[in-house]
Amino acid sequence: MVSSYEHHKEHRHEQYRRILLAMAGEERTNEEHVSGYHVRQRVKNALTHTGNSVLWHKIKACSRSARCQSLWCGHCRNSAANAVETQIRKRLIDEEAIFAGKSLDRTSSEFNDHMNANHRHVSGYVGVFSLDQASVLAGLQFDRKRWKKLKERKTDRAFWIAGNYEMELVNYRFLVSSLNTESKKKQKQIAQLLSYSRDMGWINKGDNVGVLLHWHAVTNATEEALEDVLGDAYWLDGERLYKTSAPGVYVQSLHSNKSFDVNIGKMASYALKSATRYKHTFIGSDRGNELMLQSELSGLINLYHQIQKRNWRALLFTHTIGSREMTVLTNKEADRSD
Ligand SMILES: [Zn+2]
């Protein structure tokens, strides 16, 4: 039975959809899309045409003595992936120790089957934010507070979760009104997240694009343990995000046909993209995914630059849940060895 509350929610989603659809008919602004065949050229184009030459020169001059730390720099993006992987590996030391009776054979099926079966890839969505530092920082703070509360919950469950935040630019006005069936799932999710984020005051009504703040992580928790501990902490207005698991976040198994190390490496770099295009096709563009506008790409690169902090530490997280004695590092210990 559909409650009147759910009916009201559904109606509101429908209203947003209709408004966005009407707006999608408008012309995209006269502003230019970024150009260039290579990511590097697009970055240069976007930054130099929007008054951010200083940042471009920092990326251009990136060297051993002065790293730019931009995800749009090949070298630094790799370093960021290493930083995420190092953080995950610290959590695995004690679990791997049980295999070290003789010497740990990372290629053995015994090791890989066990480790793959006992870890999961989890993704959580925070919301959609205006493309500015203050808005997104509010979102990061909101999510960190949520985990602080979760860690204080009394529970028999004990697990760790380690990963990093990703800021993805979404042209939701086009996405939500797009007729592309491939993006149906994303459309529903964005509509839900938008409605929620507007209520939270995270995004301005007039914006075309928003920053989809979310995270990807590795955990040794089972889905049941996540459901127990997370409860409805990740639900939006009393409902799960469309297509997510019971805890309101995505829970995926690791690929059992790949080695554990390959799985970990992939997950460590998963949330670190040097995006210059939108992931989803808009109306009027059936040739792959659309390039961002100069101001949009420049805004996103700048956002990371302002928010990430040294060694991307403002984007990384590693949490321990449960009061039981755990054979994993605490956050403090993990931080200290950086
Ligand atoms: Zn660099």
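**Note on the predicted model**

1. Of the contacts in the protein chain with a separation of 6 or more, 76% are accounted for by residues 24 or more positions apart. The model is a predicted one, and its protein chain has a secondary structure of 12 helices and 5 strands. Buried residues make up 37% of the 338 residues in that chain.

2. The largest nonpolar core contains 74 residues, and those with the most contacts inside it are Val128, Met167, Val170, Ile190, Val211, Leu213 and Ile301. Strand S2 (residues 159-170) supplies the largest share of this core, namely 8 residues. In soluble globular proteins, nonpolar side chains tend to be buried together.

3. Val170 deserves a separate look. Once its neighbours within four places in sequence are set aside, Val170 is in contact with Val128, Leu175, Ile190, Val209, Gly210 and Leu212; Val128 and Ile190 are also listed, like Val170 itself, among the residues with the most contacts inside the largest nonpolar core.

4. Lys243 is not a glycine, yet it has a positive phi of about 70 degrees. Lys243 is found in the loop between helix H9 (223-230) and strand S4 (250-253), and it counts as exposed because 10 other C-beta atoms lie within 10 Å, where the cut-off for exposure is 12 or fewer.

5. A positive phi also occurs at Lys309, again a residue other than glycine, with a value near 65 degrees. The loop that holds Lys309 runs between helix H11 (294-307) and strand S5 (316-321), and Lys309 is classed as exposed because it has 11 C-beta neighbours inside 10 Å.

Notes:
Residues numbered from 1 in each chain as written. Predicted model: local features only at pLDDT ≥ 70, side-chain atom pairs only at ≥ 80, totals over all residues. Helix = DSSP H or I, 4+ residues; strand = E, 2+ residues; numbered from the N terminus. Buried ≥ 20, exposed ≤ 12 C-beta atoms within 10 Å, placed from the backbone. Contact = placed C-beta atoms within 7 Å. Core = buried A, V, L, I, M, F, W, Y, C linked by C-beta atoms within 7 Å.
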